[in-house]
Amino acid sequence: MPLTHTIEDRWPLRVPVLIAGGGPVGLALAALLGRYGVACLVVEADASYCEGSRAICISRRSQEIMGWVGADRALVEKGLSWTGGRSFFRDREVLHFRMPSEPGERFAPMVNIQQFYVEEFAARAARETGDQVDIRWSSRVVDVQQHADHAEVTIATPDGEQHVVRADWLVACDGGRSTVRERSGLAFEGMQYEGRYVIVDIEQATARPVERLAWFDPPSNPGSTILMHRQPDNVWRIDYQIADDEDAAEAVKPENVLPRVQSHLQMIGETAPWKPLWISIYNAKCLTLDRYRHGRVLFAGDAAHLVPIFGVRGLNSGLDDAGNLAWKLALVVGGQADAALLDSYSSERVHATRQNIRYGAKSTEFMAPPHAGFTLMREAALRLAGENETVRSLINPRQSTPISYAGSPLNLPSRTPQPSPGPGETAPDALVGTRHLTQLFGHGFVALLFSDTPVPDFIGGLETGQGLAGLTVWRLSRTPVGDPTAELHDATGDARRRYGAAEGNLVLVRPDGYVMARWPLADAAAVNAALAPYRSPPTSDGESA
């Protein structure tokens, strides 16, 4: 149901979901919840979208999530897609890598686009849900008090007033300095690195291909590491490492930044006129909460975890938080699932964060060596990589990939060994006829039945569900199909190959595009039992176990 407001101040007295933070994660979550029919209020301290490029590399998985709310076309049309990159040691190329990509996949492995565009597209998608989503700018959460059946949230507005809103569920997406986290008495665990990077956006026309570029100890800036990415609007994003003894305040002053940028542009032959747009500074952090659910409060994005930017796992992991949480929260709010389902959000995404931190830490230590010994080892690897192909894997940047939830409590155990993707893995894409398989996900449970002939007994034995708890069955056939609304022609066999499927296999996919179960043969009773927990009235009072 839509939000209702008081006549006096037009602030709602109570909402099903309040999202603290209107960055890309909070807005994407709001758009997803709105599509699922859940009313939510978004409260953002800033007056509008962010400034500067910030997070710029959007993974294939994140593009898919944005597609669930209809924001993928704008993202891809505005962004710059890429599949690989190059690394240089001083002035010599030592690595040319390409990320996995197969014909017929819906999205490129990465698309470069400034974060403020992601926020704009997500906000637009949220507004398109009608009166389900209410976005309030220039308003900040200043206090949180938990109760058995709600969280009481105090919000400060630009007019100096404070308003108290009761939220059945509060989701903290308010960033690395989260007020919700601080007012809840929670603290990150982990570490941060000493190495610091200046981040610069400049406007300059270029004809270079779109790829990730990295220089180690370049002649333009000896002793530094430099990253470059093209962005839309003729913008270069440049990250360069500063020395340990440099003062951070001095390092970001234009008179110190611009000569370094000019030196590097001159070295690589980019001679067109340019101008700076935005300057910031960054150091890598490996921090997380131990749980992302605390009673009626849930944490997502940077409010839940901070991971290194190397390997582009920051925003992408936050969007995966939103994709994981949205369907579970919608089922709980709608009374179709027990609140304990939200504990699986915490366990799955904490596991994902720890994996991202592990990979991100390796990339960080390579980009900004923590000690002299590591610097020597890195230099040796870079020298050898130019001549020895086997060494090049050591300097591969290991870009973000979806994390497997192998130990998830939602996975249905297989009685017999099953091929990949198994329960807890992402469901692969494939072009089947004129439709991509990933276009089927994000809206409810999906059953993929690999069979060249109809199985009417299976369809007839399924119990009907509603909304997110409903089930859509697609039969994938290698022979031409008769009903394109329920059957897909896998003429190339790509879908069968990518799913490791044999005749009669059934794959059950969660609303967030993860495999939940596989069966050698379609079994209606087994599918009904698998979906029963998502079609049951809640039994708990909302408290976390």
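**Cavities, a pocket and helix contacts**

The count comes to three cavities of 30 Å³ or more, a cavity being a set of points on a 1 Å grid over the protein atoms alone where a 1.4 Å probe fits but cannot get out. Grid points are joined across faces, edges and corners, and a volume is the space filled by probe spheres set on the points. The model is a predicted one, in which local features need pLDDT of at least 70 and side-chain atom pairs count only at pLDDT 80 or more, while totals for chains, interfaces and linings use all residues. Residues are numbered from 1 along each chain as its sequence is written, and side-chain values use heavy atoms, with hydrogens and water left out.

The second largest cavity has a volume of about 40 Å³. Around it sit Gln204, Thr206, Arg230, Gln231, Asn234, Val235 and Trp236, lining residues being those with an atom within 4 Å of a point. By class, that makes two nonpolar, four polar and one charged residues in the lining of this cavity (Ala, Val, Leu, Ile, Met, Phe, Trp, Tyr, Cys and Pro count as nonpolar, Asp, Glu, Lys and Arg as charged, and the others, Gly among them, as polar). Strand 14 (225-231) and strand 15 (235-242) each supply at least two residues of the lining of the second largest cavity; strands (E, at least two residues) and helices (H or I, at least four) are DSSP runs, numbered from the N terminus.

One of the lining residues, Asn234, turns up again for its backbone: Asn234 is not a glycine, yet its phi is positive, at about 60°. Asn234 is found in the loop between strand 14 and strand 15. Asp217 has a positive phi too, near 55°, and is likewise a residue other than glycine. Its place is the loop between strand 13 (212-216) and strand 14. Another backbone feature is the peptide bond from Ser420 to Pro421, which is cis with omega near 5°. Pro421 belongs to the loop between helix 10 and strand 20 (431-432). For context, most residues other than glycine have a negative phi, and most peptide bonds are trans.

Next comes the second largest pocket, which holds about 740 Å³ of space; a pocket is an open set of points with protein on both sides within 12 Å along at least five of seven lines. Its lining takes in 28 residues, and Arg60, Glu105, Pro402, Thr426 and Pro428 lie nearest the centre of the pocket. Sorted by class, the lining of this pocket has nine nonpolar, 10 polar and nine charged residues. Helix 2 provides the largest share of that lining, three residues.

Helix 2 (residues 60-68) also packs against helix 8 (residues 314-333), at an angle of about 40° and with the axes 9 Å apart. Axes are lines fitted to C-alpha atoms, for helices over the stretch in contact, and angles run from 0 to 180 degrees between N-to-C directions. Helix 2 and helix 8 are therefore oblique to each other (under 35 degrees counts as roughly parallel, over 145 as roughly antiparallel, 65 to 115 as roughly perpendicular and the rest as oblique). The crossing of helix 2 with helix 8 is left-handed, meaning that the near helix is turned anticlockwise from the far one by less than a right angle, with clockwise being right-handed. Arg61, Ser62, Ile65 and Trp68 in helix 2 meet Asn316, Leu319, Asp320 and Gly323 in helix 8, contact being heavy atoms within 4.5 Å. This contact of helix 2 with helix 8 divides into three nonpolar, three polar and two charged residues.

Helix 8 has a contact with helix 1 (residues 24-35) as well, the axes coming within 9 Å and crossing at roughly 30°. Helix 1 and helix 8 are therefore roughly parallel, and the crossing here is right-handed. The contact of helix 1 with helix 8 has 13 nonpolar, two polar and no charged residues.
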